[in-house]
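Please have the sequence and structure open while reading.

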Amino acid sequence: RFSRAAREKFGYDLEEALGKNLKMLMPEEHSIRHDEYLATYRKTGVRHIIGTMRKLNGLSKSGNTFPASITVRELKRPGRDPVYIGNVMCLREEILLESVMQIG
(Lines give C-alpha, C1' and ligand atoms only; values in the text may rest on other atoms or scores of the structure.)
Protein backbone atom coordinates (compact mmCIF):
# COMPACT_ATOMS: atom_id res chain seq x y z
CA ARG A 1 0.00 0.00 0.00
CA PHE A 2 1.32 3.41 -0.95
CA SER A 3 -0.95 5.99 0.69
CA ARG A 4 -1.99 9.35 -0.72
CA ALA A 5 0.22 11.05 1.88
CA ALA A 6 3.17 8.93 0.73
CA ARG A 7 2.46 9.82 -2.91
CA GLU A 8 2.42 13.50 -2.00
CA LYS A 9 5.58 13.31 0.14
CA PHE A 10 7.66 11.18 -2.25
CA GLY A 11 6.19 12.25 -5.60
CA TYR A 12 5.71 8.70 -6.91
CA ASP A 13 2.46 7.20 -8.21
CA LEU A 14 1.30 3.89 -6.79
CA GLU A 15 2.45 2.02 -9.93
CA GLU A 16 5.94 3.52 -9.66
CA ALA A 17 6.41 2.50 -6.02
CA LEU A 18 4.47 -0.71 -5.38
CA GLY A 19 6.74 -3.75 -5.38
CA LYS A 20 9.91 -1.68 -5.71
CA ASN A 21 12.91 -1.71 -3.42
CA LEU A 22 12.57 0.56 -0.39
CA LYS A 23 16.01 1.99 -1.11
CA MET A 24 14.48 4.19 -3.84
CA LEU A 25 13.13 6.31 -0.96
CA MET A 26 16.56 6.81 0.63
CA PRO A 27 19.55 8.99 -0.28
CA GLU A 28 22.55 7.11 -1.65
CA GLU A 29 24.51 7.12 1.62
CA HIS A 30 21.82 4.83 3.08
CA SER A 31 20.51 3.05 -0.01
CA ILE A 32 23.89 1.54 -0.98
CA ARG A 33 23.92 -0.50 2.25
CA HIS A 34 20.23 -1.46 2.28
CA ASP A 35 20.52 -4.51 -0.02
CA GLU A 36 23.73 -5.54 1.74
CA TYR A 37 21.89 -5.64 5.09
CA LEU A 38 19.15 -7.83 3.62
CA ALA A 39 21.65 -10.18 1.97
CA THR A 40 23.57 -10.55 5.23
CA TYR A 41 20.33 -11.34 7.08
CA ARG A 42 19.36 -13.98 4.52
CA LYS A 43 22.79 -15.58 4.81
CA THR A 44 23.36 -15.40 8.56
CA GLY A 45 19.97 -14.80 10.17
CA VAL A 46 21.51 -11.86 12.04
CA ARG A 47 19.16 -8.88 12.01
CA HIS A 48 20.64 -5.45 11.39
CA ILE A 49 17.62 -3.63 9.98
CA ILE A 50 14.76 -6.16 10.09
CA GLY A 51 12.32 -5.21 12.82
CA THR A 52 14.18 -2.09 13.89
CA MET A 53 13.33 1.55 13.37
CA ARG A 54 16.07 3.73 11.92
CA LYS A 55 16.01 7.51 11.79
CA LEU A 56 17.58 8.79 8.59
CA ASN A 57 16.66 10.96 5.63
CA GLY A 58 13.92 10.06 3.19
CA LEU A 59 14.31 10.95 -0.50
CA SER A 60 11.56 12.21 -2.80
CA LYS A 61 11.42 11.66 -6.56
CA SER A 62 12.42 15.30 -7.04
CA GLY A 63 15.60 14.75 -4.99
CA ASN A 64 14.47 16.58 -1.84
CA THR A 65 15.37 14.98 1.47
CA PHE A 66 13.55 15.13 4.79
CA PRO A 67 13.94 13.51 8.23
CA ALA A 68 12.24 10.11 8.35
CA SER A 69 11.99 6.87 10.26
CA ILE A 70 12.26 3.66 8.26
CA THR A 71 11.24 0.22 9.46
CA VAL A 72 11.62 -3.03 7.50
CA ARG A 73 9.51 -6.03 8.49
CA GLU A 74 9.71 -9.60 7.24
CA LEU A 75 6.58 -11.46 6.22
CA LYS A 76 7.24 -15.20 6.17
CA ARG A 77 5.07 -17.28 3.86
CA PRO A 78 4.96 -21.10 4.09
CA GLY A 79 6.66 -22.70 1.10
CA ARG A 80 7.59 -19.34 -0.43
CA ASP A 81 10.32 -16.76 -0.13
CA PRO A 82 9.71 -14.11 2.51
CA VAL A 83 8.51 -10.65 1.56
CA TYR A 84 10.02 -7.54 3.12
CA ILE A 85 7.70 -4.65 3.89
CA GLY A 86 9.05 -1.15 4.35
CA ASN A 87 7.39 1.59 6.35
CA VAL A 88 8.62 5.18 6.00
CA MET A 89 7.31 8.00 8.16
CA CYS A 90 8.16 11.67 7.76
CA LEU A 91 9.53 13.09 11.00
CA ARG A 92 9.53 16.75 9.97
CA GLU A 93 6.52 17.58 12.18
CA GLU A 94 7.86 15.46 15.05
CA ILE A 95 11.19 17.29 14.94
CA LEU A 96 9.42 20.66 14.82
CA LEU A 97 7.33 19.69 17.85
CA GLU A 98 10.45 18.56 19.75
CA SER A 99 12.11 21.90 18.99
CA VAL A 100 9.09 23.86 20.15
CA MET A 101 8.87 21.82 23.34
CA GLN A 102 12.56 22.36 24.12
CA ILE A 103 12.22 26.12 23.67
CA GLY A 104 8.98 26.42 25.65
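A nonpolar core is here a set of buried Ala, Val, Leu, Ile, Met, Phe, Trp, Tyr and Cys residues joined through side-chain atoms within 4.5 Å. Buried means under 20% relative accessible area. The model is predicted.

## Nonpolar core

The largest nonpolar core contains 17 residues. Those with the most contacts inside it are F2, F10, Y12, L22, L25 and I50. Two or more residues each come from α1 (4-10), α3 (28-44) and β2. Strand β2 gives the largest share, four residues.

L25 can be followed in detail. Leaving out residues up to four places away in sequence, L25 touches F2, F10 and Y12, and also N57, G58, L59 and V88. Of these partners, F2, F10 and Y12 are also among the residues with the most contacts inside the core.

## The β2-β3 hairpin

Strands β2 (residues 65-77) and β3 (residues 80-90) run antiparallel and are joined by nine bridges. The two strands form a hairpin with two residues between them. In the turn, G79 has a positive phi of about 75°. R77 stands opposite R80 in β3.

## R54

R54 lies in strand β1 (residues 53-59). Which side chain of opposite charge is nearest to R54? It is that of D35, 9.6 Å away. A salt bridge requires a side-chain nitrogen of Lys or Arg within 4 Å of a carboxyl oxygen of Asp or Glu. R54 is buried yet has no salt bridge.

Setting aside neighbours within four places in sequence, R54 is in contact with M26, H34, Y37, I49, A68, S69 and I70.

Technical notes:
Residues numbered from 1 in each chain as written. Predicted model: local features only at pLDDT ≥ 70, side-chain atom pairs only at ≥ 80, totals over all residues. Heavy atoms only, no water. Pairing = 2+ DSSP bridges. Buried < 20%, exposed > 50% of the residue type's maximum accessible area, 1.4 Å probe, protein only. Lys, Arg positive; Asp, Glu negative; His and termini not counted. Contact = heavy atoms within 4.5 Å.
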